[in-house]
Amino acid sequence: MATTKDYSQYFVAPDLKAAKKRGKEEVQVLQFEQIPEDMRHVGKNKRYLIQTYGCQMNVHDSETIAGILEQMGYTPTEHEYDADIILLNTCAIRENAEDKVFGTLGRLKQLKLEKPDLILGVCGCMSQEESVVNRLLQSYQYVDLVFGTHNIHRLPYLLQNALYSKEMVVEVWSKEGDVIENMPKVRSDGLRAWVNIMYGCDKFCTYCIVPYTRGKERSRRPEDVLNEIRELARKGYQEVTLLGQNVNAYGKDFKDIDYRFGDLMDDVRKIGIPRVRFTTSHPRDFDDHLIEVLAKRGNLVEHIHLPVQSGSTEVLKLMARKYTREQYLELVRKIKQAIPDVVLTTDIIVGFPGETEEQFEETLSLVKEVEYDSAYTFIYSPREGTPAAKMKDDVPMEVKKERLQRLNEVVNEIARRKNEALRGQVVEVLVEGESKKNPDVLSGRTRTNKLVNFRGPKHLIGRFVHVRITEPQTWTLNGEWVEEPVAQVGV
Ligand code: SAH
Ligand code: SF4
Ligand code: F3S
């Protein structure tokens, strides 16, 4: 007999149309409410596992989720079969990202059958999509908990509901949330830390789902960001990466102060943390003041990730990127003039609906002109609810795949040439640990975020060292440790 489940008690479902609306209400900065005493033991003798997909924003959200779970008494495990709660922190950026998650959920069904008390949860960007939540409700009823990107701070309550409810607990707020400060965090690395400076995105590039899954742009207050970085410096962190979907829009939403990303970077520059990175920078809001500040260097590294998406002004227009090829190239020229040894990296989409061979070739020529040190390249993936998904697309998949391959050849050739130029040079490396491939080799990164492998004693881990590059490759640099002290930068 068919039964109708009543989800209404804990059920707030996502709505893409509502997510599109940008409210006029002012963003509130709220403090995370301490977890009530009776919830602090829910996870006693229990283990959690979080699987993270997608961008750095999600990686950092997982650190917050871990922080909340640990405050509830849970301890981490790396093994699915040991876990009492498994959360998939998902990404919706392209179809293959979603396929992976549904694949994992399918596989976890068996585990859930064997361990009915296991709590299986889905969070992150996919849970903000109506179609995904409907699919979960229909075909993945063994999922216990679904919560959205604006609902992370509500996890203690949602989890408690999931533990006592037989129905799927769903809470996804479609409209933008507020800024919640003081959330607990378990950072997975003791050297390098992520720091959110803003949330959401208002750019609405026509191909992109992020403005719907992450809500409207809202900035953290400068003092909250600066205090967090000072605290990380005190704890011995050597590097921070400032995070936002579009960090150059930082501060646009402040009503009471005139304080933008360039101002923030200028203040971060004065904090004694050796390296500061940021991602991601939208070319449109990259102003002269920011260039001026970055040119002061110190702890501000000479690497800028500057997604271009396409080298064709017509395609950029259809993408609603709001800059032309010429404006982008002019920005690159200004940056290179101010910071001659800057390393630029980018994101590129090929096979946007209707992209012609000539338009694609404009992307190739732009890549050659800018000479990126590396690039993330993607085949366009239609996302339900976005304007581009409705555009006519007459470019066959084989052509898109072939364009991706041609683009990658050009990107790799330039990457190899750029790395080759470092042969014989001595670079500053922050040593992260043993190389993944060979425990006898140490690996770390340059200021420009290039991966360097070299042989050296283990006590160098966590320190800055000098390495002479002996064998540059396309993706990595092999070198020799130069035993001389490194003057600490920025401290
Ligand atoms: N906020 C960042 C991008 C975050 S998404 C920015 O604007 O630069 C990371 C990258 O994924 C994008 O830069 C874009 O190249 C790619 N991407 C986004 N949506 C996509 C889609 N529908 N299909 C293929 N690639 C996409
Ligand atoms: Fe997506 Fe564009 Fe926003 Fe980046 S700026 S997250 S590509 S809408
Ligand atoms: Fe993916 Fe969401 Fe990041 S869609 S790329 S995890 S903001």
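User: Which residues does UniProt list for "domain: TRAM"?

Analyst: For "domain: TRAM", an unreviewed entry, UniProt lists residues 420–483; such positions are given in the numbering used here, feature names are shortened, and annotations may be inferred rather than shown by experiment. This is a predicted model, in which local features need pLDDT of at least 70 and side-chain atom pairs count only at pLDDT 80 or more, while totals for chains, interfaces and linings use all residues. Residues are numbered from 1 along each chain as its sequence is written, and chains are lettered from A and ligands numbered from 1 in the order in which they are written. Over residues 420–483 the chain is 55% strand and 2% helix, with 23 Å between the end C-alpha atoms.

User: How many helices and strands does the protein have?

Analyst: Helices (H or I, at least four residues) and strands (E, at least two) are DSSP runs, numbered from the N terminus, and the protein has 13 helices and 22 strands. Its radius of gyration, taken over C-alpha atoms, is 23 Å, close to the 23 Å that the globule rule (2.2 Å times the number of residues to the power 0.38) gives for 491 residues, so the protein is as compact as a globular protein of that length. The share of residues that count as buried is 42%, where buried means that 20 or more other C-beta atoms, placed from the backbone, lie within 10 Å of the residue's own, exposed means 12 or fewer, and partly exposed is in between.

User: Into which domains is the protein divided?

Analyst: Domain bounds come from an automatic or database domain assignment, and here they give domain 1 (8–171), domain 2 (179–420) and domain 3 (426–482). Two residues are in contact if their C-beta atoms, placed from the backbone, lie within 7 Å, and by that rule 31 residues of domain 1 are in contact with 30 residues of domain 2. On the side of domain 1 that touches domain 2, helix 2 gives the most, with 11 residues.

User: Where does UniProt place the feature "binding site"?

Analyst: The unreviewed entry places "binding site" at Cys55, Cys91 and Cys125. These residues span 71 residues in sequence, yet no two of their C-alpha atoms are more than 10.4 Å apart, so they gather at one spot.

User: Which residues come nearest to ligand 3?

Analyst: A residue is near a molecule if its C-beta atom, placed from the backbone, lies within 6 Å of it; of the 13 residues around ligand 3, Gly54, Cys55, Cys91, Ile93 and Cys125 come nearest. The shell draws at least three residues from each of domain 1 and domain 2, and its largest share, 3 residues, comes from helix 6. By class it has 8 nonpolar, 4 polar and 1 charged residues, where Ala, Val, Leu, Ile, Met, Phe, Trp, Tyr, Cys and Pro count as nonpolar, Asp, Glu, Lys and Arg as charged, and the others, Gly among them, as polar.
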